[in-house]
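Hi,

Here is the structure I promised to pass on.

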Amino acid sequence: MKKFSITVAGGGSTFTPGIILMLLDHQEEFPIRRLCLYDNDEERQGIIARACGILLKERAPEIEFRYTADPENAFTDVDFVMAHIRVGKYAMREKDEKIPMKYGVVGQETCGPGGIAYGMRSIGGILEILDYMEKYSSDAWMLNYSNPAAIVAEATRRLRPNSRIINICDMPLGIMVRMARILGIPEKDLDISYFGLNHFGWWTQVKDKEGNDLMPALKEYVKENGYDINIEEDQHADQSWHETFKKVRDVYAVDPDTLPNTYLKYYLYPDYVVAHTDPNYTRANQVMDGREKEVFSAAREIIEKGTAENCGFMKDDHASYIVDLARALAFNTKEKMLLIVPNGGAVENFDPEAMVEIPCIVGRDGYEKIAQGRIPQFQKGLMEQQVSVEKLVVEAWAEGSYQKLWQALTLSRTVPSAAAAKQILDDLIEANKEFWPELK
Ligand code: NAD
Ligand code: G6P
Ligand code: MN
């Protein structure tokens, strides 16, 4: 059986250990010969990498393991690049969240002005990695989690149209695991229809393997509880995630014909979100005090003890999704998966030149899109507005246009006026000097 070479870009990510554990779990169906971590912060990556080195030596000594900040070393002789970089790291996420809040506007990692600011930082970082991959391993696939995935996907569509990149998100799978738990069936038994943009989508059908309609039972639950339910090995287990899953109840109420993605709360209930956010302690602070501390102290403990036995690393949906995708491409499994892909008519009455999140069949040659037909006016209206935000951000980045970025912020449903958009933008420019192209 063929063995594969994988490079994880953003090796110092809090999600790297989970992906490695998941890869180790799948050695029979998806064997690895070489695993490399790549990051531009050697110190941060060094901690995760030394711990993973100990773990791999104990559990799979046959895998050649290395970590590096050198692109040629990282991207030569690679089959898959799994990317999850965060340009500007948590320090900049904190600013993305806090600056809009100063003006009473949603401050969020991927939605509204914060997501736009993060997009302006991510585009360059992702294009750089994609170019390294194509230079040193032109047949490789890049599987990208790096956020904001909607803007990153639009940037690669516009600026690298022929590249072998697939952009993905773990939120729909995280929700489907909840749906399965609500229904008391295995997640792999769900057969769904879904359309939207990334962090901006809706399920139109949920069936079981025999084709029975599961929507009525799900709606009964969601109407009362949203997607709130306890599950184990959950990356979305904090109190703030529980609140997000509960709030789905109100998002669902706006269109009871479909089941919504959790992220729609930022667009449909921005006033509620602002009222329920502490402007001095946002999600970035929770993550720095939570997941980041936990993962890095687990890594330090492994290094100190010299063993990864009973270690604190965890795997979750995030890891299982990207490993399933790589396996589908490697072994032609023809699995149905939600991907962020160029529309091209798959959503019939929507911009063919937009990146949409829809189910695809994944195999050796990439993916085939499953057409989702015509969508209702409500969702179409929301999506036209949001996709225009995403396109304007990419145009602003490519052209260095202040005007287009101001328009992008103004068009976001989370921003009340052009005046507020301008104030937030000027603050964001100041905070992002090191990362954004100069805007004129
Ligand atoms: P993190 O800050 O712990 O890790 C990101 C790593 O990327 C850091 O070690 C950083 O040094 C590195 N990095 C930054 N810029 C780089 C560059 N230009 N080249 C190489 N490395 C670079 O972040 P995290 O919380 O673990 O999340 C990682 C990424 O995954 C984020 O973009 C996050 O939004 C994303 N994510 C996406 C999904 C999804 O559904 N698409 C789900 C979870 C996380
Ligand atoms: C979900 C989304 C990701 C996002 C993450 C944030 O998994 O799909 O795109 O990055 O949540 O989680 P956090 O715990 O970092 O706030
Ligand atoms: Mn996501």
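Predicted model: local features only at pLDDT ≥ 70, side-chain atom pairs only at ≥ 80, totals over all residues.

**Rings, metal and cysteines**

Searching the whole structure turns up 16 aromatic pairs. To count, rings of Phe, Tyr and Trp (its six-membered ring) need centres within 6.5 Å; planes under 30 degrees apart are called stacked, over 60 edge-to-face, and the rest tilted.

Residues are numbered from 1 along each chain as its sequence is written, chains are lettered from A and ligands numbered from 1 in the order in which they are written, and side-chain values use heavy atoms, with hydrogens and water left out.

Take F4 and F80: their ring centres are 5.9 Å apart with planes at 45°, so this pair is tilted. It connects distant parts of the chain, with F4 in strand β1 (residues 4-9) and F80 in strand β4 (residues 80-83), 76 residues apart. (Strands, E, at least two residues, and helices, H or I, at least four, are DSSP runs numbered from the N terminus.) Both F4 and F80 are buried, meaning under 20% relative accessible area; exposed is over 50% and partly exposed in between, using a 1.4 Å probe and protein chains only. F4 and F80 also belong to one aromatic cluster with F30 and F331.

F75 and Y132 have ring centres 5.9 Å apart too, but planes at 25°, so they are stacked. F75 is buried at 0% relative accessibility, whereas Y132 is partly exposed at 23%.

There are charges over rings as well (NZ of Lys or CZ of Arg within 6 Å of the ring centre and within 35 degrees of the ring normal). R178 has its charged end over F245, 3.7 Å from the ring centre, and K422 sits over W406 at 5.3 Å.

Now the metal. The manganese ion (ligand 3) has C169 (SG) and H199 (NE2) as its protein donors, 2.2 to 2.4 Å away. Donors are N, O and S atoms within 2.8 Å of the metal (3.2 Å for Na, K and Ca), and sites may look incomplete as water is not among the atoms. C169 and H199 are both buried.

What about disulfides, cysteine sulfur pairs within 2.5 Å? The search finds zero. The sulfur of C52 is 8.8 Å from its closest cysteine sulfur, in C311, so too far for a bond.

Cheers

Notes
Disulfide = S-S within 2.5 Å.
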